[in-house]
Amino acid sequence: MTTFVDRVELHVAAGNGGHGCASVHREKFKPLGGPDGGNGGRGGDIVLTVDQSVTTLLDYHHSPHRKATNGKPGEGGNRSGKDGQDLVLPVPDGTVVLDKAGNVLADLVGHGTSYVAAQGGRGGLGNAALASARRKAPGFALLGEPGDVQDVVLELKTVADVALVGYPSAGKSSLISVLSAAKPKIADYPFTTLVPNLGVVTAGSTVYTIADVPGLIPGASQGRGLGLEFLRHVERCSVLVHVLDTATLESDRDPVSDLDVIEAELREYGGLDNRPRIVVLNKIDVPDGKDLAEMVRPDLQARGYRVFEVSAVARTGLKELSFALAELVAQARAARPKEESTRIVIRPQAVDDAGFTVVREDDGLFRVRGEKPERWVRQTDFNNDEAVGYLADRLNRLGVEEELVKAGARAGDGVAIGPEENAVVFDWEPTVMAGAEMLGRRGEDHRLEGQRPAVQRRRDRQAERDELQREFDDFEPF
């Protein structure tokens with residue numbers, strides 16, 4: 001059964017914003033007391049937060065679909081809807097958030113570091129918030145916006161100072177067990193270690209973490225063995241330790257050739273050339289291992305490596321090794337740039353930036369793109385004529401119609417607002433008159449007569465009722 005997962009694809013959906021309410025205050029002796037519809041609540045966010053008690057992404061491997069709660073709709077009496085609850089997802093320290101294309105969205109290092117993976121939708125305004133001196137009693141409210149829906153990839157990269165790398169059964173797990181209090185699985189067969197193990201080492205005044213990376217073999221950077229799955233755990237480490245087996249029973253292997261193979265795999269993976277290396281000749285408690293270590297030591301030192309002969313079983317040479325690692329870790333920490341407090345950068349909108357663009361496409365369709373127009377379209381109830389008229393007024397004030405004219409649009413041309421997958425397309429009719437003075441009864445707009453079937457049906461029904469009333473008034477009994 002899988003107990004450790006360091007890469008998952010997570011499907012997150014933030015909560016939708018609640019709809020605003022269109023309501024009119026009514027009480028005795030005040031049949032029309034004014035609009036009192038409340039605003040809708042905000043949808044909940046999906047937040048990834050580093051939690052030190054979490055060490056694996058296993059929970060998201062079993063349950064990859066996560067959704068926050070929606071905001072509640074507004075109600076009459078100026079009662080706003082309740083905001084949706086944010087969904088906080090704990091992740092291990094060192095989790096990298098990527099999009100489906102592999103672009104890094106966030107690198108979560110340090111307890112409490114968080115990233116909003118999906119933003120909740122805004123709540124719609126109620127008609128009380130939409131009222132103005134010219135539009136005293138709006139017969140509509142704005143819809144809540146849908147929350148973000150994202151597919152993100154979570155990759156765990158172990159946060160450690162030192163990484164032990166080497167062939168399977170080279171003694172890495174035994175070494176980390178005697179250097180620290182870690183208790184990894186140890187056995188005499190290859191690929192005993194299936195997950196990275198972390199241990200804490202104290203050497204004098206320096207405390208550092210050490211990671212036992214599962215065994216690498218030739219071709220690991222291309223996917224052979226377990227190397228490709230765990231090479232990412234080496235990326236954050238400041239020091240690399242080559243653990244070489246001096247008592248191997250395989251005739252085609254020796255410590256120098258093992259070092260060359262692992263170095264080739266690290267170069268193929270990339271990004272690790274600047275890390276200091278230390279070579280550990282392990283298993284010198286075996287007589288043949290001691291002789292082989294003394295034989296290859298001069299060759300390794302000639303290459304510029306610091307070489308330590310140790311035995312994890314006999315616990316010899318460990319103190320010198322731990323202090324040498326502490327020295328390199330201290331140097332790496334001192335060389336790191338000092339963390340600066342986050343600077344707040346204010347980028348005001350350019351004076352000539354209209355906030356939207358109008359582009360004529362090859363098929364003759366005019367497409368309007370911009371944060372404000374697209375948001376206003378999402379908030380509009382197209383079943384309500386007054387709401388559609390309000391949208392037209394907002395677009396006109398923003399300058400959309402003027403830009404359409406400059407782009408060559410004529411009455412009857414197709415205009416789309418938003419991206420192709422969820423755009424609203426309509427036949428453009430230039431607005432000759434605008435404003436609340438063109439309103440009819442609540443929920444109607446005179447400018448849309450003849451264009452909106454719903455308006456025409458209401459007009460026909462009212463005309464039929466008026467005709468019936470006149471016939472009744474003219475009726476004379478025998």
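This is a predicted model: local features need pLDDT of at least 70, side-chain atom pairs count only at pLDDT 80 or more; totals for chains, interfaces and linings use all residues.

Trainee: Which element gives the most to the largest nonpolar core?

Mentor: The largest nonpolar core has 26 residues, and those touching the most other members are Val 162, Leu 175, Tyr 208, Ile 210, Ile 278, Leu 321 and Leu 325. At least two residues each come from β9, α3, β10, β11, β12, β13 and α7. With seven residues, the element that gives the most to this core is α7.

Trainee: Which residues does Leu 321 touch, not counting residues up to four places away in sequence?

Mentor: Leu 321 is among the core residues that touch the most other members. With residues up to four places away in sequence not counted, Leu 321 touches Leu 175, Leu 179, Ile 278, Val 280, Phe 308 and Val 310.

Trainee: What is the order of the strands in the open sheet of five strands?

Mentor: Take the pairs in turn. β1 (residues 7–13) is joined to β3 by three bridges in parallel, and to β8 (residues 149–156) by seven bridges in the antiparallel sense. β5 (residues 95–98) runs antiparallel to β8 with four bridges, and β5 also pairs with β6 in the antiparallel sense over four bridges. The pairing is therefore mixed, and the order is β3-β1-β8-β5-β6.

Trainee: Which strands stand at the edges of the sheet?

Mentor: The twist from one strand to the next averages 25°. An edge strand has a single partner strand, so one side of it is left without a neighbour in the sheet. The strands in that position are β3 (65–67) and β6 (104–108).

Trainee: Which residue in β8 is the bridge partner of Glu 9?

Mentor: Bridges can be followed pair by pair across the sheet. Ala 13 has Lys 67 as its bridge partner in β3. Val 96 stands opposite Glu 155 in β8, and Val 97 stands opposite Ala 106 in β6. For Glu 9, the bridge partner in β8 is Val 153.

Trainee: Are α8 and α9 roughly parallel or roughly antiparallel to each other?

Mentor: Helix α8 (residues 371–378) and helix α9 (residues 385–398) have axes 10 Å apart, at an angle of about 175°. Angles over 145 degrees count as roughly antiparallel. The two helices are therefore roughly antiparallel.

Trainee: How many nonpolar residues does the contact of α8 with α9 have?

Mentor: From α8 the contact takes Lys 372, Pro 373, Trp 376 and Val 377, and from α9 it takes Leu 391, Arg 394, Leu 395 and Leu 398. Two of these residues are charged and none is polar. The nonpolar count is six.

Trainee: Which residues of α6 meet α5?

Mentor: The axes of α5 and helix α6 (residues 287–302) come within 9 Å and cross at roughly 50°. That makes α5 oblique to α6. From α5 the contact takes Pro 255, Val 256 and Leu 259, and in α6 they meet Leu 292, Val 296, Asp 299 and Leu 300.

Trainee: Is Asp 258 buried or exposed?

Mentor: Asp 258 lies in helix α5 (residues 255–269). Residues up to four places away in sequence aside, Asp 258 touches Tyr 167, Leu 244 and Arg 253. Its relative accessible area is 3%, and under 20% counts as buried. Asp 258 is therefore buried.

Note on methods. Residues are numbered from 1 along each chain as its sequence is written. Side-chain values use heavy atoms; hydrogens and water are left out. Axes are lines fitted to C-alpha atoms, for helices over the stretch in contact, and angles run from 0 to 180 degrees between N-to-C directions. Angles under 35 degrees count as roughly parallel, over 145 as roughly antiparallel, 65 to 115 as roughly perpendicular and the rest as oblique. Contact means heavy atoms within 4.5 Å. Ala, Val, Leu, Ile, Met, Phe, Trp, Tyr, Cys and Pro count as nonpolar, Asp, Glu, Lys and Arg as charged, and the others, Gly among them, as polar. Two strands pair if DSSP finds at least two bridges between them. Buried means under 20% relative accessible area, exposed over 50%, partly exposed in between (1.4 Å probe, protein chains only). A nonpolar core is a set of buried Ala, Val, Leu, Ile, Met, Phe, Trp, Tyr and Cys residues joined through side-chain atoms within 4.5 Å.
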